[in-house]
Amino acid sequence: MAKMPPISASDALTAATRFGFAPRGDLAAIGGDPRGWVLGQLAKAPAPLPGNLPGSATMVTAEFEMRQDKRDKNDGAKRDFDARVKAVYLAEIGARINAAVTSETPLLERLTHFWSNHFTVSILRPAIRGFAAAFEREAIRPYVTGRFSDMLLAVARHPAMLLYLDNAISVGPDSMAGRRGGKGLNENLGRELLELHTLGVDGGYTQADVEALARILTGWSVARLNEPDPGRFRFRPFVHEPGAKILLGKTYAEAGEAEGRAALLDLAHHPATSRHIALKLARHFIGDDPHTDSVERIARVFRDSGGDLRLVTAAVVKEDAAWSSPFAKVRTPQEMLIAACRVGGFTPPPEMLVNSLRALDQMPFFAPSPAGWPDNAASWVSPEAVLRRAQWCQAYAERMPDPPDPAALAAAAFGEALPEETMQAIRLAPSRRVGLALLFASPQFQRR
C-alpha cells in the first residue's frame with residue numbers, strides 16, 4: 001500500500017473514523033464538537049444485541065450433548081449440531097456487524113471489538129465454536145465502560161475461555177483428583193492471563209509465577225450435563241491444588257475459589273498491567289508506534305482510577321496525538337467492511353459477510369492464536385492482501401442494490417479530506433459502481 005500523502009482532515013472525520021468506523025452522513029453534526037461527540041458516547045451503555053441469540057450455557061450444553069451422542073455413534077445428531085452451530089454463528093456475526101454499522105455510539109462498538117480481541121477466544125479450537133460470539137456478548141460488551149477488574153473476572157470465569165485455554169481440565173497435582181493420577185496441571189490460562197491479558201510479556205513475571213497462577217486457578221471449570229447449571233462456571237474443590245501459593249512475591253493462603261478472585265484483582269491493579277493496557281489502547285487509537293508520553297498519561301489514569309475503563313478511554317480521546325495525524329491507522333479487513341457498509345448504506349446478508357471476511361483473511365472469532373488479530377499496518381498490507389481488498393471493494397460495489405452517486409458519497413464521507421485527483425477519478429468513472437469501487441479502494445478509505 002502506497003504511503004499516504006500529507007492530507008489535512010477535519011477533526012470530525014478523525015472522530016468518525018478513528019473512534020468509530022466511518023461517518024454516516026453526519027460529519028457536519030460531528031464537526032460542531034468532535035471530541036465532545038466521542039466523549040459523550042462514554043456516558044451511555046453498550047446496546048445489547050438481539051435477545052434471540054442463544055446464551056453460552058445453552059450452546060455449551062449442546063456441545064456436551066453432541067459429544068455424548070458422538071460417543072454413542074449418533075452421526076445424525078452430530079450433523080444436526082453442526083447445522084445448528086453454523087446457523088448460530090451466522091446470526092451472531094450478522095447481529096455483531098449490523099450493530100457496528102447502524103450504531104449511534106460507534107465508539108462503544110469499537111471498544112467491544114478491541115476488548116474482545118484483547119481477550120481472544122478462537123474457533124480454531126472447535127470445542128468453543130458454538131459460543132465464542134456469546135463470550136463477547138456476555139463477558140466483554142457489558143464491561144467496556146466499567147472496571148477492568150470486573151471484565152477480567154467475567155472473562156476468566158466464562159466457559160469459552162475456560163475451555164479454549166484448557167483450564168476446565170486442569171488438575172492440581174496434590175488435589176484429591178491429582179493424587180489419583182491421570183490428568184495434571186495445565187498452564188495455558190495462567191500463562192495467557194499474565195502474558196496477554198494483564199502484565200504483558202515484559203511485565204516481570206517468571207515461569208514460577210505462571211505455575212503459581214495455574215495452581216491458584218485449578219478447580220475453575222464448567223458444569224457438565226449431570227451437574228447443576230450445566231454449561232456455566234463451576235468450581236471443583238476436589239481438583240483444586242491445596243495449600244498456599246506465591247504469585248509475584250505475594251502469598252495467597254488456601255481459600256479455594258477465592259484465591260483466584262484475589263489473584264485476578266491484584267493482577268488487574270498491577271502497575272505493569274496499566275502500562276500494557278495503555279500501550280494497546282494507544283496503538284489502537286493513536287498509531288502503530290505511539291509516543292511514550294501518551295502511553296504513560298493513559299497508564300496513569302488507569303492506575304489512579306483503579307482501572308475505570310470509562311475514564312481510561314476518555315484519557316485516550318483527550319490525547320492530542322489521537323487527533324494530530326489523520327489516516328494514521330490502516331483499517332483491518334473487518335473495519336474496512338464495516339466502514340463500507342456504514343458509508344454505502346448497504347449491509348450484505350450474514351453468509352455473504354462471513355464469506356467476505358474469509359476471503360479477506362479475518363473471519364470473526366478465528367484469530368490465529370490467543371494473542372488475537374494484529375493491530376499494525378505491516379500485518380495487513382502485503383501485496384496479496386491489498387489485491388484482495390481491491391477485489392472485495394469491486395465486488396461490494398457490484399452487489400449494492402441501488403448504488404448512490406459516488407461523488408456525492410465521497411464528499412459526505414470525507415468532506416474536503418479526499419485529494420482532488422481521487423475525487424476526479426471517481427467523477428470520471430464510467431459507471432456508479434466503478435466510481436464506488438474506486439472510493440472504497442482509495443488509500444484514504446483504507447485508513448482511519
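# Report on a predicted protein model

Trp 392 and Tyr 396 are both part of helix 20, where four residues, about one turn of the helix, separate them. The model described here is predicted. The ring centres of Trp 392 and Tyr 396 are 5.0 Å apart and their planes meet at 20°; planes under 30 degrees apart count as stacked, so this pair is stacked. Trp 392 is buried, with a relative accessibility of 6%, and Tyr 396 is buried as well, with a relative accessible area of 0%. Both residues belong to an aromatic cluster that also contains Phe 327, Phe 346, Phe 414, Phe 440 and Phe 445.

**The chain as a whole**

The protein chain contains 23 helices and four strands. A compact globule of 448 residues would have a radius of gyration near 22 Å, and the value of 23 Å for this chain agrees with that. The C-alpha trace spans about 75 × 55 × 40 Å along its principal axes. Of the 448 residues, 56% count as buried. The chain exposes about 18300 Å², and carbon and sulfur atoms supply 53% of that area. Among contacts between residues at least 6 apart in sequence, 71% join residues that are at least 24 apart.

**Aromatic rings and charges over them**

The structure holds 16 aromatic pairs. One of them is formed by Tyr 89 and Phe 366, with 6.2 Å from centre to centre and 90° between the planes, an edge-to-face arrangement. Which parts of the chain does the pair of Tyr 89 and Phe 366 tie together? Tyr 89 belongs to helix 5 (residues 75-102), while Phe 366 is in the loop between helix 19 (350-359) and helix 20 (383-399), so the pair links parts that are 277 residues apart in sequence. Tyr 89 is buried at a relative accessible area of 12%, whereas Phe 366, at 27%, is partly exposed.

| Arginine | Ring | Distance from the ring centre |
|---|---|---|
| Arg 157 | Phe 233 | 3.9 Å |
| Arg 331 | Phe 445 | 5.1 Å |

**The loop between helix 19 and helix 20**

Phe 365 is found in the loop between helix 19 and helix 20. At 8% relative accessibility, Phe 365 counts as buried. Its phi is near 65°, a positive value in a residue other than glycine. Most residues other than glycine have a negative phi. Asp 166 likewise has a positive phi, of about 70°, although it is not a glycine. Asp 166 lies in the loop between helix 9 (159-164) and helix 10 (176-179) and is buried, with a relative accessible area of 13%.

Phe 365 and Phe 366 are both touched by Ser 122, which also contacts Ile 128, Tyr 164 and Ala 367, leaving aside residues up to four places away in sequence. Ser 122 itself is in the loop between helix 6 (106-118) and helix 7 (132-140). Is Ser 122 buried or exposed? Ser 122 has a relative accessible area of 0% and is buried.

**Arg 84 in helix 5**

Arg 84 is located in helix 5. At 38% relative accessibility, Arg 84 is partly exposed. Not counting residues up to four places away in sequence, Arg 84 touches Thr 58, Met 59 and Ala 62. Between the C-alpha atoms of Arg 84 and Leu 111 there are 29 Å, and the two residues are 27 residues apart along the chain.

**Helix 16 and its cover**

Helix 16 (residues 309-317) is mostly covered, as seven of its nine residues are buried. The buried residues are Leu 309, Val 312, Thr 313, Ala 314, Ala 315, Val 316 and Val 317. What covers these buried residues of helix 16? The cover includes helix 3 (34-41), helix 6, helix 8 (148-157), helix 14 (271-285), helix 15 (292-305) and helix 17 (321-324). At the start of helix 16, a side-chain oxygen of Asp 308 comes to within 3.0 Å of the backbone nitrogen of Arg 310.

Note on methods: Residues numbered from 1 in each chain as written. Predicted model: local features only at pLDDT ≥ 70, side-chain atom pairs only at ≥ 80, totals over all residues. Heavy atoms only, no water. Phe/Tyr/Trp six-rings, centres within 6.5 Å; stacked < 30°, edge-to-face > 60°. Helix = DSSP H or I, 4+ residues; strand = E, 2+ residues; numbered from the N terminus. Buried < 20%, exposed > 50% of the residue type's maximum accessible area, 1.4 Å probe, protein only. Lys NZ or Arg CZ within 6 Å of the ring centre and 35° of its normal. Rg over C-alpha atoms; globule rule 2.2 N^0.38 Å. Contact = heavy atoms within 4.5 Å. Areas by Shrake-Rupley, 256 points an atom, 1.4 Å probe, with all protein chains shown as cover. Polar contact = N/O pair within 3.5 Å; in protein donor to acceptor, adjacent residues only side chain to side chain.
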